[in-house]
Amino acid sequence: MRNFNELSIEEKESLMQRYYEGTESVANILKSFDIQCNPSSIYKSFPPEVMPGKCKYCDTNLIRKRVPRTYSDYMKRPVECGICGHRPENHCFCDNCFKAEEEERRQHKLRIQNYYSSLDLKKIDCNELSFRDKVFMGSLNRLFMTHLEDGLEPYEKTQSALTPGDLTTKAIYTILTDLDVLVPSPDSNPNAFTDIGSYSFDKVKYKVNLTCSDGSSLFSYFSQPHFFNSAMVDNALKLWKIIAAQECLQYLNYKLRKINMPPNLSKKAMDTILLILENYSVSEFYFIVYCVIGRVAEKYEEVKYMTRAKASVYAVNQCRYFAENRLVKKRERIKYDRISDLPQSEISSYFFNVVTKLGDRGFYEVPSRSLLEEMLKSNSTDNTEDVN
Ligand SMILES: [Zn+2]
Ligand SMILES: [Zn+2]
């Protein structure tokens, strides 16, 4: 009686071939080679299968350990390196791969840090920013309540929302980073970056590349803003409408979700809302949505093939018909209040309470140039009284 290792190379190969062919009983095969072994564990003595391809770390051929012949293909052992255990086919957790990934992370971090710390950008004077961008920066100043000179923490860490809709938050960050007013900080978490210039806007820290030519701090410049004046009325009206439209959209989305209709609103929807805001306030829009949402739910139930995009357009159009109808019939204006589920965003409270001092009128009144002019007049009267 012999054991498997005592066979010649040719004998070993012949035995393995007969074993894996699967036509003879294993006991018979072992008997013909005069081998004493339990038939169910003979495969454990077989040398591993040598596979094409080499281990990228050890430069030796990859192998595959043997399995019983009854195993199906998917039960086979993985291709691996006999020395370091590296498995090229799977996401590998071998020591070499772990070290390589660590090194890659280190290099990535260095590249990000080197790039963003070597940027030498000329500071921009606050006064050179457009009215809109000043409002954006003032809202961020308010949101983070830190000295802007110290930079901004990642947006995802803030407790309240910058804008009524997440999409517009990203758009604001994009505008400010394109202008080099906000610059990703080298202290950011490197995982927030996929590469230089490619990062999650809400996961990185930012440096604020601004200065005040009059020597005041950025905090006081934006906390007590003096940039709303008669030359800025058109800009302010434009921004009022955009904030109001976003608030309307946010409420409509909220109500659509309540009837299990995932919102999918297009730019066209936004244009329609802006049209409604020519005659209605955000507060009245809330009322309009409240009135039409039942009909929208019914329609959505009724027309099964209606896509989400179509259903959303239908919802916005229903709002418009309803609004137009009330206007023609000169129906009494009914106003709704903000709801606790949708607290006022920072940009809205900064713009209405701090910049224009419209306060709640920004929500309850139709966006209008005359109201802004009225505010300017009363603000300047207040200032005169202060001086006296
Ligand atoms: Zn290896
Ligand atoms: Zn590996």
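Predicted model: local features only at pLDDT ≥ 70, side-chain atom pairs only at ≥ 80, totals over all residues.
Residues are numbered from 1 along each chain as its sequence is written, and chains are lettered from A and ligands numbered from 1 in the order in which they are written.

Helices and strands are taken as DSSP runs, numbered from the N terminus (helices being H or I with at least four residues, strands E with at least two). Axes are lines fitted to C-alpha atoms, for helices over the stretch in contact, and angles between N-to-C directions run from 0 to 180 degrees. Helix 4 (residues 131-144) packs against helix 11 at an angle of about 105 degrees, and their axes are 9 Å apart. Helix 4 and helix 11 are therefore roughly perpendicular, a class that covers angles of 65 to 115 degrees, with angles under 35 counted as roughly parallel, over 145 as roughly antiparallel and the rest as oblique. In this pair, Val135, Gly138, Ser139, Arg142 and Leu143 of helix 4 meet Glu346, Ile347, Tyr350, Phe351, Val354 and Val355 of helix 11, where two residues are in contact if their C-beta atoms, placed from the backbone, lie within 7 Å. By class, the contact of helix 4 with helix 11 comprises seven nonpolar, two polar and two charged residues; Ala, Val, Leu, Ile, Met, Phe, Trp, Tyr, Cys and Pro count as nonpolar, Asp, Glu, Lys and Arg as charged, and the others, Gly among them, as polar.

Within helix 11 lies Glu346, which counts as buried because it has 21 C-beta neighbours inside 10 Å. The cut-offs are 20 or more other C-beta atoms within 10 Å for a buried residue and 12 or fewer for an exposed one, with partly exposed in between, C-beta atoms being placed from the backbone. When residues up to four places away in sequence are not counted, Glu346 touches Ser139, Arg142, Leu143, Ser160, Ala161 and Leu162. Although Glu346 and Ser139 are 207 residues apart along the chain, their C-alpha atoms are separated by 5.6 Å.

Helix 11 (residues 346-355) also packs with helix 7 (residues 233-258), at an angle of about 140 degrees and with the axes 11 Å apart, which makes helix 7 oblique to helix 11. The contact is made by Leu239, Ile243 and Glu247 of helix 7 together with Ile347, Ser348 and Phe351 of helix 11, and by class it has four nonpolar, one polar and one charged residues.

A further partner of helix 7 is helix 9 (residues 282-302), the two axes coming within 10 Å and crossing at roughly 25 degrees, so that helix 7 is roughly parallel to helix 9. Helix 7 contributes Ala244, Glu247, Cys248, Tyr251, Leu252 and Lys255 to this contact, and helix 9 contributes Val282, Phe285, Tyr286, Val289 and Ile293. These residues divide into nine nonpolar, no polar and two charged.

An open sheet of three strands has the order 1-2-3 with antiparallel pairing, two strands being paired if DSSP finds at least two bridges between them. Strand 1 (49-54) and strand 3 (79-81) stand at the edges with a single partner strand each, so one side of each is left without a neighbour in the sheet. The twist from one strand to the next averages 45 degrees. Strand 1 is hardly covered, the count of buried residues among its six residues being zero.

Most residues other than glycine have a negative phi. In the hairpin formed by strand 1 and strand 2, with six residues between them, Asp59 in the turn has a positive phi of about 60 degrees. Asp180, in the loop between helix 5 (166-178) and strand 5 (182-184), has a positive phi near 65 degrees and is partly exposed, with 15 other C-beta atoms within 10 Å. Lys357, in the loop between helix 11 and helix 12 (361-364), has a positive phi of about 60 degrees although it is not a glycine, and with 15 C-beta neighbours inside 10 Å it counts as partly exposed.
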